Amino acid sequence: MIDFNNKGFFKLKQNDEYAERVNDLMIDGEEIISAYKSMRDGVVFTNKRIIAVNVQGLTGSKKDFTSLPYKKIETYSIETSGTFDLDSELTIYFSALGTVRFEFTGKTRLTEISQVITTYVC
């Protein structure tokens, strides 16, 4: 499982590469909203869950996929980018897991992700 306290993992930039990597994990009716990549790892937001991909080992052939269903979210917060701070953040509080924080660089579709999460939280 991914170490969600490792802040370096979560400097994410939009990239569809990881959307292709999780295709085999998708269920009927599940659609990808957006996909992001850090140095090696990635995160895919679907209409049902978050799939975090942790690439392991020197060759990167071993991968850990962590499924974080929206229905387990207790609350969340979004910090948008500003004039000098171009990063935005999504902090999610999961029951039985704790806090997960994602940091995004560049343009992100956090409003769309927020709308999907809200349908499950409310």
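**Terms and their criteria**

Q: Why is E30 called buried?
A: E30 has a relative accessible area of 8%. Buried means under 20% relative accessible area, exposed over 50% and partly exposed in between, with a 1.4 Å probe and protein chains only. E30 is therefore classed as buried. The model is a predicted one, in which local features need pLDDT of at least 70 and side-chain atom pairs count only at pLDDT 80 or more, while totals for chains, interfaces and linings use all residues. Residues are numbered from 1 along each chain as its sequence is written, and side-chain values use heavy atoms, with hydrogens and water left out.

Q: Why is E20 called exposed?
A: The relative accessible area of E20 is 60%. Because exposed means over 50%, E20 falls in that class. E20 is placed in helix α1; helices (H or I, at least four residues) and strands (E, at least two) are DSSP runs, numbered from the N terminus.

Q: What makes the pair of side chains E30 and R49 a polar contact?
A: Their distance is 2.7 Å. A polar contact is a pair of N or O atoms within 3.5 Å; within protein, one must be able to donate a hydrogen and the other to accept it, and residues adjacent in sequence count only if both atoms are side-chain atoms. The pair E30 and R49 is thus a polar contact.

Q: Which residues is E30 in contact with, leaving aside its neighbours within four places in sequence?
A: With contact meaning heavy atoms within 4.5 Å, the residues are L25, T46, N47, K48 and R49. E30 itself lies in the loop between α1 (17-21) and β2.

Q: How do you know that β3 and β4 pair?
A: Two strands pair if DSSP finds at least two bridges between them. Strand β3 (residues 42-46) and strand β4 (residues 49-56) have four bridges, in the antiparallel sense, and V43 has A52 as its bridge partner in β4.

Q: What makes β5 and β6 edge strands?
A: The open sheet has eight strands in the order β5-β4-β3-β2-β1-β8-β7-β6, with mixed pairing. Strands β5 (62-69) and β6 (73-79) each pair on one side only.

Q: Which residues have the most contacts inside the largest nonpolar core?
A: A nonpolar core is a set of buried Ala, Val, Leu, Ile, Met, Phe, Trp, Tyr and Cys residues joined through side-chain atoms within 4.5 Å. The largest has 19 residues, and those with the most contacts inside it are F45, I50, L90, I92, F102, F104 and I113. Its largest share, four residues, comes from α2.
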